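The sequence and model are shown first.

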Amino acid sequence: MPAIHFFEEDITYKLKQKTSARQWITETIQAEGYKLKELNYIFCSDQYLLQINQQYLNHDTYTDIITFDNSETEGSIVGDIFISIERIRENAAKFNTPETDELHRVIIHGALHLLGYKDKTAAAKQKMTEKEDFYLDKRSFSDSKK
């Protein structure tokens with residue numbers, strides 16, 4: 001049975017509209033031709049994510065998201081996605097966007113990484129942003145949508 005789980009590490013944070021978010025993420029994965037097996041979103045602090053970045057990626061920088069692809073079968077999704085809620089809040093203020101929208105962008109960004117999308121070059125980043133926008137528009141449950 002496919003599953004999407006939401007956890008907190010070293011912070012207290014409860015995602016709103018979990019059922020709708022799960023459906024949206026699942027539909028995104030299916031629309032890209034993949035099968036969802038298991039996906040874990042772990043909401044955490046900047047410091048927690050920095051430690052993961054240092055330990056596993058040898059990067060000594062803050063980031064909003066780190067995605068680990070644990071899939072063993074091509075075409076299936078198994079992964080862990082760590083998201084800094086502090087970074088989400090800071091970026092939402094910086095980009096003048098609702099926190100919920102910024103969180104949803106990062107949530108789908110992580111799923112898109114598992115679907116094979118990259119963001120290291122300008123062209124790849126543009127494609128990633130286009131996909132994020134496309135799937136953000138598919139949401140039927142955002143706080144900022146009226």
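## Terms and model

A residue is called buried when its relative accessible area is under 20%. The model is predicted.

## Helix H4

Helix H4 spans residues 99-114. It has 16 residues and reaches 23 Å from its first C-alpha to its last, close to the 22 Å expected at 1.5 Å a residue. After H4 comes Gly-116, which has a positive phi, near 105°.

How many residues of H4 are buried? The number is 12 of the 16, so H4 is largely enclosed by the rest of the structure.

## The largest nonpolar core

The largest nonpolar core has 31 residues. Those that touch the most other members are Ile-25, Leu-39, Tyr-41, Phe-43, Ile-83, Leu-103 and Ile-107. At least two core residues come from each of strand E1 (3-9), helix H1 (18-31), strand E2 (35-44), strand E4 (76-84), helix H3 (85-94), helix H4 and helix H5 (122-136). With 7 residues, H4 gives the most to this core.

Leaving aside residues up to four places away in sequence, Ile-25 touches Ile-4, Phe-6, Leu-39, Tyr-41, Ile-107 and Ile-108.

## A separate core

Key
Residues numbered from 1 in each chain as written. Predicted model: local features only at pLDDT ≥ 70, side-chain atom pairs only at ≥ 80, totals over all residues. Heavy atoms only, no water. Core = buried A, V, L, I, M, F, W, Y, C linked by side-chain atoms within 4.5 Å. Buried < 20%, exposed > 50% of the residue type's maximum accessible area, 1.4 Å probe, protein only. Helix = DSSP H or I, 4+ residues; strand = E, 2+ residues; numbered from the N terminus. Contact = heavy atoms within 4.5 Å. Expected span 1.5 Å × (residues − 1).
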